[in-house]
Amino acid sequence: MPPIDKRSLSERDICTKFITPAVRKAGWDEMTQIREEVGFTKGRIIVRGKLVTRGKDKRADYILYFKPNIPIALIEAKDNNHAVGDGMQQALEYAETLQIPFVFASNGDGFVFHDRTGVTAPKESNLVLDAFPSPAELWAKYRQWKGLKPKTERVVLQDYYDDGGGKSPRYYQVNAVNAAEIPDLLHYLDPLFSGITIQFYYPYHQRDELFLDFAHRSSLLDEIIRLKRSGVKILNSESALQALKNNSWTCRDWLIDNADPDGTLHHGCYLKGRTDIDCARCGFSPHTEISLAFGGSLPAIRAGLRIFF
Ligand code: SF4
C-alpha cells in the first residue's frame, strides 16, 4: 500500500489516526480520561430586532481528565495543511473559559504544549508525537502549581459523590475520617470558585458513616467561621454555621420544593416518606438557611440572596 498522504486527510482523520493513538500511548485511558468533541457552551445570545438566536456552540477537540470531573488538559486539532501550532490561539481561549491548565495544539505531526500554570520552562514548547505527557506527569505539574499537600491531594482526588442523576456533582464529599482536611480544602477551592457552600450530613438511611459527631462538627464549624471571617468565600451565613453546631434551628422544610432527576417535583424535605429520618442529626444547610431566614435572621436572608440571585 502506498504511504498515506497526510495532507489529504480531514481534521477528524488526523485525530483518529495520529492524535488519539499518541495520547493513548502516553497512558491516557480512552474510556475514562479522554473525551472528544466536547461542547461546552450553547453560544452567546444574539438579538437582532425581534429575532433572538444563539451563536455557535464551542467545541473542544479533546479534553483530558486526570480523574472524572478534574479536566487537566485540552487539545485543539487541525488538519495537516496547517502548522502544528495553528490551533493554539483557539485552544488557549477555550482553556481560559474552562479553566484548564495544560493546552496542546496538533496537526498530527507533533504537539505544541503550552503550560498555563507557568510551572514548565519554557512555557511553550514543541513535542514530537511520541512525547505526549502521561497523566502522572501533568498531575505532578498541577500539584506543584497548586502547592497541594499530600492530605489535601487525597481529598481532591477522592471520588465525587454521584447520586446517579447523570449530572456531574460539583461538590466534595468528606467524611469524619478526613474532616480535619476541610480547612486546607477550602483554601484550595477558594480561588477556583466564586463561592462555596458547606453542608453537613443529610440523614440518608444507611449513610451513617458520613455523620460527623457534634463535638467534631462544632470545632470544625469554628474553624470554618474563622476562615469566612478571614475572607474565604464561604457563602453560608454565620448564623447558619453557628446553628449547625448543635442543630439549634427549627426546620421549616415546607418552604422548599425539590426535583427528582426525572423532573418530578416534591414538596418539603426530600427524605420524608422515603426513609426513617433522624432530624436531630441533620446538617442540611439549605434547610438551615431558609428556616432561619423565615425566622427573620438577616444574615440568612442575605446569604439566600447571594447564593440564588
Ligand atoms: S425535615 Fe428538616 S431537619 Fe429533618 S431531615 Fe429533612 S431537612 Fe433535615
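This is a predicted model: local features need pLDDT of at least 70, side-chain atom pairs count only at pLDDT 80 or more; totals for chains, interfaces and linings use all residues.
**Figure 1. The exposed and buried faces of helix α2.** On the side of α2 turned away from its buried face, the exposed residues are Gln89 and Glu96. Residues are numbered from 1 along each chain as its sequence is written. Helix α2 spans residues 88-98, and Met88, Ala91, Tyr94 and Ala95 are its buried residues. Viewed down the axis of α2, these buried residues fall within an arc of 125°, so they line one face of the helix; the arc is that of the directions from the helix axis to the C-beta atoms. In general, an α-helix has 3.6 residues a turn, so residues three or four places apart point the same way. The buried residues of α2 pack against β4 (58-67), β5 (70-77), β6 (102-106) and β7. Contact here requires that the C-beta atoms of two residues, placed from the backbone, lie within 7 Å. Helices (H or I, at least four residues) and strands (E, at least two) are DSSP runs, numbered from the N terminus. Just after α2, Gln99 adopts a positive phi of about 55°.

**Figure 2. The packing of helices α6 and α7.** Helix α6 covers residues 214-229 and helix α7 residues 238-246; their axes come within 8 Å and cross at roughly 165°. Axes are lines fitted to C-alpha atoms, for helices over the stretch in contact, and angles run from 0 to 180 degrees between N-to-C directions. The two helices α6 and α7 are therefore roughly antiparallel. Angles over 145 degrees count as roughly antiparallel, those under 35 as roughly parallel, those from 65 to 115 as roughly perpendicular, and the rest as oblique. The crossing of α6 and α7 is left-handed, a term for a near helix turned anticlockwise from the far one by less than a right angle, clockwise being right-handed. From α6, Phe214, Arg217, Ser218, Leu221, Ile224, Ile225 and Lys228 meet Glu238, Leu241, Leu244, Lys245 and Asn246 of α7. This contact of α6 with α7 comprises six nonpolar, two polar and four charged residues. Ala, Val, Leu, Ile, Met, Phe, Trp, Tyr, Cys and Pro count as nonpolar, Asp, Glu, Lys and Arg as charged, and the others, Gly among them, as polar.

**Figure 3. Leu241 and Lys228 in the contact of α6 with α7.** Leu241 lies in helix α7 and counts as buried, with 22 C-beta neighbours inside 10 Å. Apart from neighbours within four places in sequence, Leu241 is in contact with Leu221, Ile224, Ile225 and Asn236. A distance of 9.2 Å separates the C-alpha atoms of Leu241 and Ser218, which are 23 residues apart along the chain. Lys228 belongs to helix α6 and is partly exposed, with 19 C-beta neighbours inside 10 Å. Not counting residues up to four places away in sequence, Lys228 touches Ile234 and Glu238.

**Figure 4. The packing of helices α8 and α9.** Helix α8 (residues 285-294) packs with helix α9 (residues 298-308) at an angle of about 125°, the axes being 7 Å apart. The arrangement of α8 and α9 is thus oblique, and their crossing is left-handed. Glu289, Ile290, Leu292 and Ala293 of α8 meet Ala300, Ile301, Ala303 and Gly304 of α9. The residues of this contact are six nonpolar, one polar and one charged.

Figure 5. The Ala121 to Pro122 peptide bond is cis, with omega near -5°; Pro122 is located in the loop between β7 (110-115) and β8 (124-128). Glu37, a residue other than glycine, has a positive phi near 50°. Glu37 is found in strand β1 (residues 34-41) and is exposed, with 12 other C-beta atoms within 10 Å. Asn247, likewise not glycine, has a positive phi near 55°. Asn247 lies in the loop between α7 and β9 (257-259) and is partly exposed, with 17 other C-beta atoms within 10 Å.

Key:
A residue is buried if 20 or more other C-beta atoms lie within 10 Å of its own, exposed if 12 or fewer, and partly exposed in between; C-beta atoms are placed from the backbone.
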